[in-house]
Amino acid sequence: MVKKLIHNNPHCDTNEYLFTSESVTMGHPDKVADHISDAILDAMLAQDPKSRVACETLVTTGLVVVAGEITTKAYVDIPGVVRKTIKKIGYDDPAIGFDGDDCAVIVSIDNQSADISQGVTEGTGLHEEQGAGDQGLMFGYACRETPALMPMPIQLAHAITNRLAKTRQTRKIPWLRPDGKSQVTVEYEACPERSRGNSKPKRIHTVVVATQHAPSVTYKQLRKQIIEKVILPVLPKRLVDKNIIFHINPTGRFVIGGPKGDCGLTGRKIIVDTYGGRGSHGGGCFSGKDPTKVDRSASYMARYIAKNVVAAGLADACEIQLSYAIGVAEPISVLVDTERTAKISEKKISEIIRRLFPLTPKKMIAHLKLARPIYAETSYGGHFGRNLPNFTWEKTDMIAKLRKAAGIKTRK
């Protein structure tokens with residue numbers, strides 16, 4: 001349940017509340033690490049779809065460290081993949097402080113533990129069926145706030161960082177550099193029963209952008225161009241008014257950035273990767289993990305289920321929790337929370353989900369076609385809410401089956 005928020009905003013009374021989400025660009029140090037880990041995973045899967053990969057990356061000034069447990073038949077030039085990825089992101093000039101050609105690359109890779117492997121490999125371990133690669137809980141979420149069925153704050157935050165990247169890459173704003181962040185605060189009109197699922201976005205309250213830049217640009221130029229060329233073009237005009245607040249590079253300067261300005265690690269942006277703090281998170285990251293790790297595959301399946309439930313009209317908002325035990329194929333639990341928006345009982349929705357959706361690791365991987373080199377593209381811009389060809393978990397191809405199972409007539 002959403003609680004009343006106490007704040008000093010003169011344009012938001014107590015019948016309304018604020019919710020904030022952030023995004024980071026592909027040049028943010030943590031996203032550089034995520035991208036490297038997923039690029040290595042893709043290189044392994046391209047040669048051996050059965051690769052078992054848990055790849056962690058650290059980036060800092062002049063140094064990349066790749067570590068983890070990998071079992072594969074593939075041969076991959078890991079330092080070569082690292083350097084190519086860094087340059088593709090945009091760190092290709094020593095003047096920026098981090099350069100794919102000149103940084104040192106240290107690789108420390110071991111095989112997957114045999115004790116874990118026997119729980120994942122079909123026909124070995126205590127259970128015959130291919131089991132989960134670890135225990136844990138995973139969440140998926142969808143709501144009607146945006147056409148992508150994503151919460152509005154995270155969708156807009158991603159739109160801003162994506163535009164930052166495009167205007168940098170096309171040199172429409174030539175002084176932009178790869179590192180950057182955005183943050184969007186949306187003011188919601190709360191419904192009488194204080195259900196978050198029934199609350200509606202009323203206006204955009206505040207936008208924060210911090211972007212790395214060349215030292216030659218003045219702050220006045222930077223602020224004007226970021227607002228006019230990056231932020232306003234992606235915000236819904238109906239939600240923008242004269243009271244919107246902009247904080248652009250609030251320290252006044254952001255020249256030193258990327259791995260030179262801050263150490264980056266794989267898996268440190270799990271809320272950016274998912275729903276921006278809306279709903280719940282089980283704690284496991286995605287990047288660098290092959291799909292036998294349910295942290296990744298079950299989170300994708302949970303989003304797929306939640307999105308189809310909302311798209312089918314069974315609820316206006318839906319959160320799915322799945323939980324697993326290492327070496328065990330079937331989920332321990334399946335929980336449905338529709339934030340008081342369900343059109344049929346949540347118990348019935350849960351029963352329908354169990355019946356219609358594959359929830360074992362092997363079946364999830366097959367249904368969503370996850371044993372492919374598709375992951376580098378997920379490592380920036382969010383894993384959800386992007387209708388790209390390889391993002392199978394964003395398809396709404398279960399609508400008819402869900403509506404039939406729920407007894408809802410499909411519109412012709």
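Predicted model: local features only at pLDDT ≥ 70, side-chain atom pairs only at ≥ 80, totals over all residues.
1. When the whole structure is searched, two cavities of 30 Å³ or more are found. The largest cavity has a volume of about 80 Å³, whereas the volume of the second largest cavity is about 40 Å³.

2. Around the largest cavity there are 13 lining residues, and those that lie nearest its centre are Met138, Phe139, His281, Gly282 and Ser299.

3. In terms of residue class, the lining of the largest cavity is made up of five nonpolar residues, seven polar residues and one charged residue.

4. The second largest cavity is lined by Thr25, Leu164, Ala165, Arg168, Leu176, Arg177, Pro178, Asp179 and Thr211. Helix H4 (152-169) and strand E8 (176-189) are the elements that each supply at least two residues of this lining, and the largest share, four residues, comes from strand E8.

5. The lining of the second largest cavity divides by class into four nonpolar, two polar and three charged residues; among the residues that line this cavity are Arg168, Arg177 and Asp179, which a reader may wish to find in the structure above.

Note on methods:
Residues numbered from 1 in each chain as written. Heavy atoms only, no water. 1 Å grid on protein atoms, 1.4 Å probe; cavity = no way out; pocket = protein on both sides within 12 Å on 5 of 7 lines; lining within 4 Å. Points joined across faces, edges and corners; volume = space filled by probe spheres on them. Nonpolar A, V, L, I, M, F, W, Y, C, P; charged D, E, K, R; others polar.
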